[in-house]
Each structure stands twice: as C-alpha cells, then as structure tokens.
Amino acid sequence: MLDFFSIFGKGGIVLWCFQSTGHIFTPSVNALIRTVILQERGGGSNSFDHESLTLKYKLDNEFDLVFVVAFQKILQLSYVDKLLDDVQLEFRDLYRQQLQGLRPGLEFRRPFERVLAAAEEWGRRQDNQPRQMRSFEQSHKSKKTVSSMIERPHEQKNQKTGKAGKRNKEQEQEKEAAVKESPPPTPAAPASPRNGSGAGELDEETMALNRMRLAQRLGSPNASKKKAAADKQKSPKAKKTGKAPTQWDLGGTNKDVASLERTKDKDGVRQDTYDSKLVGQMVGGIKDLEVDSSDDDDEQDEERQVRLARTKESGLLSMFKGLVGNKSLSRETMQPALDKMCDLLIAKNVAADIAKKLCESVATKLDGKVIGTFEGVASVVKTTLTESLMQILSPRRRVDILRDALESQRKGRPFVMTFCGVNGVGKSTNLAKICFWLIENDLRVLVAACDTFRAGAVEQLRTHVRHLNNLHPAERHNGREMVQLYEKGYGKDAAGIAMEAINFAREARLDVVLVDTAGRMQDNEPLMRALAKLIKVNDPDLVLFVGEALVGNEAVDQLVKFNQAMADYSAAEHPHLIDGIVLTKFDTIDDKVGAAISMTYITGQPIVFVGTGQTYTDLKSLNAKAVVHALMK
C-alpha cells in the first residue's frame, strides 16, 4: 500500500499531493532532494531509502516536474515503476496548458485513483503469473562467442568505409576469382585487337584478364616492399651497443656508506640545514591547483566555432527557428554521445561503475528535454555532464580549517585532525605539509605518532618536526616552540596514545593536534577495528582519508570499506565517518584526474588538500573548474 505520492516542480512548488497515513514525509522528501536530485547521484536508479521508507521518483524534463512515491521499505510493490509512468502521462495530458504556468492546487485525485487501481491490478496479475527462467539462448551471454571477442583491425576498417567500400571490395574479389579460374593464354597465338571467334584469336575480355594477371605479377605494391625487406636483411647492419650497466661495489665499504650521509659537515657535526626561501610563502589560504591540458588549441577552435554558430543563428538563421520548431531528446539519440563520454571518463581514470552512473544520471536528466533545432545532441550531453561534474566536486558544506581551529582555540581546546588511509599513500608526508601550513598561520601544532606498527614511522615524524622547527625557530615566535612530537614508541595502543596526546595539547594550550595512524588495507579487519576504536574514543574534529591520485577503481573500494568499517566496528548510534579527502601524488598523472571524481562521488565529502610535490609548500586546494576541464578534453 502506498503511503505518499507527490508531484512538484523543480523550483519547489507542490502541484498535487496524496497521503494515506499520518506519517510526516517532509524529512524523507527533503533528503531525497538534497542527496539525489540536487547532487545528481541517482546513477540510473530511481530508488532512495530513508529510515523505514523507500522513495521512488521520476523526472519530467520537458515541464521540469518531479513525481515521488513513498512506501514502507519492507513492502515489495512491483507496480510502482508502472504507476510512476502512467501518472506522468495522465498528469501531462490533463494539465498540459496549466503546466506552463505551474499553478498549484490542481485537482488530480480521481484520475490518480483510477491509475492506481489499474496499476495494482496489473501488479497482482504479474505476481500471480509463474515466472519462467530465461533459457540460455535468450541471455546475452549466449550471443558472445570466441570469434566475437577477438579484435580484427582490418574488419573494423572495412566497417568504417561504409556500403560503397564493401561493394568495391566484393567486386575486386570477384575479379580476382575470375583471374584465378581463367585458363593461361596460349603463347603461340598472336594477339588481335579485333573480336574474333576463330582459332588463335583472343577476345577483349581475355586480354583484359591477362593484363590484370601480368600487373599483379610485376607491379603489385607488395612486391616492392618484399624486395626492400629482402635487401635490408642482406645488407650488413651495425650492431647497436646498449648502455653499459653500472658496476656496483659489492664490498660495501665504510667509505661508501659515509659518503651517503649528507647531514654532517666535514667535522662530523650534524647540521640541520634548511632553505630560507620556504618561510613565509603559505600564510592564509592555499593556492588553487591548476591542471595542465594539452588541448588548449582545440578548445580555442571549439569556442571560435561556437561564437560563429551563435552569430549565424542570431543573424540569418534565427528567422527560421520559429518555423522548424524544437526537438525532444530521447535515450536512443543520446546513446552514442553517452557511450563516448563514458569511454572518455574511464580513460581519464574515473572508476568504471561511477562513469556509467554519471552517464546514466545525465541520460535521466535529459530524457524528454526539449532543445533547440540548432543545438547538437553531443554538445548538450557534454555540457550537462560538465555541470554534473562541477556539482560533484563542489563541496556541500563549508571546510575552513583555520576558522575551526581558531574557534576551538577560543573554547580552550585543541582542534584534532586524524589521518587514515592505505599503506604508502603519503600520510606522514602530507601531514607534515599541512603542519607547515598551520604554523605559517601562527598555530602551534602537536603531532601524535600513533603509527606504532610500521618501522621507522616515529623517526620519520621526528625528522619532519625537527625540520619544521628549523624553518620556524622559536626566536621568531616569542620563544614558543611551534611544533612538538608526542610519541610512545612502537607496539602500543594507538587509541591510548592519541588520547594522551590530546590531553597534553589541552594542558599545554596547543592549537592543533595532528594524529598520524598506521597504513592499513581496507580488508584488514584487526587494523580497521583499531582505527574505528581510535576515532570513537577520541572523537576528532576532522577525519581525513589520504588517497592516491593514481588509483581508479581501487579508490572506490578503499573509501567504501573504510567508511563501512568505521560504521560497523564503532558500535555507536551515529558513527564518525570520513569528513574529507587528501589527494596525494597529483603531479604524476597529467590530465588523468578521474580519481578526484571517484572519491568525491562515493563519499560526498570534499577534497580538502591536494599534494603535488616533495617540499612543504607543495600543498594546494582543489580547483574544480580546472579538474573538470582536464577531464572533459
């Protein structure tokens, strides 16, 4: 039984509403609008679960309408999709004139009850009919053969030539067959230019075939290639000398080891040298990330063509626009452009499932939309997909770490940030970059060494802290030490060390605590339980997932399982999940920036920082426009 049905415009005006229970559906509908419709995260599925309800929706892009139906999640109603389609058609037919003005309060109760009764009767018939399994011949798998999966470049080339190319090829094959089957000419018979039937004379057709055979023997294009290849094999060729291998001394003398130590001067005293140019370059905000694109010329040509088309349309062609009318988009007309866009996204390192969901979301958004006659389908699809990508990368909430840290400072407690991720993604390195940015903004930082598993993790943080204090010595900050390290060695409980570090920072009046955790694979249950325990016990202000820009489909699996583990192992009613993303190694991927889309799409959380290099100043903020531009080229 249906609990709720509503028809409203995309501008928020409710045109008609049906409700059979006293339950309040406003929070569920608002969650559907915020999470799915506005963010375009449907991915081809028109179903959305919220608390104990299941909501299904359908978009009417011609009149900008949304049809929403709600029912209890435990019910299995097979007729809901048919009901949405029938109600949409009935409502459009009845109020086509009124829909252009979007007048609320339309009377639709009786038509709705009639359509609902018909849909319920159809559902009962479907449920009563025994369902037969499809045979193997009816499945898509039966149509896949070994020969169909083998790529044949010459056949693809022939398909591109069209029907004319196929016809010419068939004619050539017939001629070659005729040449092979024809008898060889008699050498003693003189050639006569006239047609004759007597003995020793050849007709014109036979002469033409003989000429063709002679041309194939002497003047074939492959003959010269074969001859050149044979001459090349006979000719003496100088032997190429490769690069000589490097000879390493296997003795490992102490002299060679000492030459690798670069932190000591000639007297053997340790010197912590640093580049003074790094100081004072990151005060305030972080510079936006700019992604280079190699197709700037193509973009300029495209913009020039767009301007030319607009000029023509506004001039001579605009007078015909009202005569030829508009055209409505359908999935069949959009499918070639959607397939091309999907392949482009996958090639740019977007996860395959997410690329398909994005294209399906664009198809749902444009299905039935009326466009101008002089607008191309491909350009409309590309523009809509670009807008969807911009929406995904734009943060849904404010992320201002400096402001939040100052607010925590005013309340007398430190601002706590926890870094988590898989092994080798650069958690400690990017933690040091963020620490440098914080002390550049005059915030005192405590680094909690909670990676008690990996050998050398504490020493790595100790080295970063020493270098950061050299860059910002206490003399420049009124005798205050800007960065401190809290560590208890290896093999200890990470959650306990983090709690002690936070208490120490509160007593020492430090501003920010950066918690470094051990790298762990998303399938390692003991380590994921330990991470969930650390987050639950200490309740940090910000949980940042550190991920590589090099990964594609793996990013989806990592984020999903990290969030799932935090929710499952925390045993809390409202578990603390990932709040933001730090995207590392972004300078190694050129324009294959799809990992940013995959990670943001999965979690719905923003990319807070982007790591691009090896120095402390190589920390950027994500420029959504530059990323989308590189993605769509």
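Visitor: Why are H11 and H12 called roughly antiparallel to each other?

Guide: In this predicted model, the axes of H11 and helix H12 (residues 352–366) cross at roughly 150 degrees and come within 9 Å. Angles over 145 degrees count as roughly antiparallel, and H11 and H12 are therefore put in that class. The crossing of H11 and H12 is right-handed.

Visitor: Which residues of H11 and H12 meet?

Guide: From H11 the list is Arg-331, Met-334, Leu-338, Met-341, Cys-342, Leu-345 and Ile-346. From H12 the list includes Ala-352, Ala-355, Lys-356, Leu-358, Cys-359 and Glu-360. By class, this contact of H11 with H12 has 13 nonpolar, one polar and three charged residues.

Visitor: What makes H11 and H13 oblique to each other?

Guide: Helix H11 (residues 331–347) packs against helix H13 (residues 377–393) at an angle of about 45 degrees. Angles under 35 degrees would count as roughly parallel, and 65 to 115 as roughly perpendicular. The pair H11 and H13 is therefore oblique. Their axes lie 9 Å apart, and H11 passes H13 in a right-handed crossing.

Visitor: How do you know which class of residue makes up the contact of H11 with H13?

Guide: In H11, the residues are Thr-333, Met-334, Ala-337, Leu-338, Met-341 and Leu-345. In H13, they meet Val-377, Ala-378, Val-381, Lys-382, Leu-385 and Leu-389. Counted by class, that gives ten nonpolar, one polar and one charged residues.

Visitor: Why are H17 and H18 called roughly parallel to each other?

Guide: The axes of helix H17 (residues 494–507) and helix H18 (residues 525–538) cross at roughly 30 degrees. The limit for roughly parallel is under 35 degrees, and H17 and H18 therefore qualify. Their axes come within 8 Å, and the crossing is right-handed. H17 contributes Ala-494, Ala-495, Ala-498, Met-499 and Ile-502 to the contact, and H18 contributes Lys-533, Leu-534, Val-537 and Asn-538. The class count for H17 with H18 is seven nonpolar, one polar and one charged residues.

Visitor: Why does Asn-563 count as buried?

Guide: Asn-563 has 17% relative accessibility. The cut-off for buried is under 20%, and Asn-563 therefore counts as buried. Asn-563 sits in helix H19 (residues 553–569). Leaving out residues up to four places away in sequence, Asn-563 touches Leu-577, Ile-578 and Thr-603.

Visitor: What makes strand S9 mostly covered?

Guide: In strand S9 (residues 445–449), five of its five residues are buried. Val-445, Val-447 and Ala-449 point one way from S9, while Leu-446 and Ala-448 point the other way. Residues on both sides of S9 are buried.

Visitor: How do you know that S9 and strand S10 pair?

Guide: Pairing needs at least two bridges, and four bridges join S9 to strand S10 (residues 483–486). The two strands run parallel. The bridge partner of Leu-446 in S10 is Gln-484.

Visitor: What makes S10 and strand S15 the edge strands of their sheet?

Guide: The sheet is open, with eight strands in the order S10-S9-S11-S8-S12-S13-S14-S15 and mixed pairing. S10 and strand S15 (619–620) each pair on one side only. Strand S14 (residues 607–611) and S15 pair in the antiparallel sense over two bridges, and at least two are needed. One such partner of Val-610 in S15 is Lys-620.

Visitor: Which strands are the edge strands of the sheet of five strands, and what is its pairing?

Guide: The order in that open sheet is S2-S1-S5-S4-S3, and the pairing is antiparallel. Strand S2 (14–19) and strand S3 (47–50) are the edges, each pairing on one side only. On average, neighbouring strands are turned by 20 degrees against each other, direction ignored. Strand S1 (residues 4–9) and S2 pair over five bridges, and Phe-8 has Val-14 in S2 as its bridge partner.

Visitor: How many helices and strands does the chain have, and what share of its residues count as buried?

Guide: The chain has 21 helices and 15 strands. Of its 633 residues, 39% count as buried. Among contacts with a separation of 6 or more, residues 24 or more positions apart account for 75%.

Notes: Residues numbered from 1 in each chain as written. Predicted model: local features only at pLDDT ≥ 70, side-chain atom pairs only at ≥ 80, totals over all residues. Heavy atoms only, no water. Axes fitted to C-alpha atoms, helices over the stretch in contact; angles between N-to-C directions. Left-handed = near helix turned anticlockwise from the far one by under 90°. Contact = heavy atoms within 4.5 Å. Nonpolar A, V, L, I, M, F, W, Y, C, P; charged D, E, K, R; others polar. Buried < 20%, exposed > 50% of the residue type's maximum accessible area, 1.4 Å probe, protein only.
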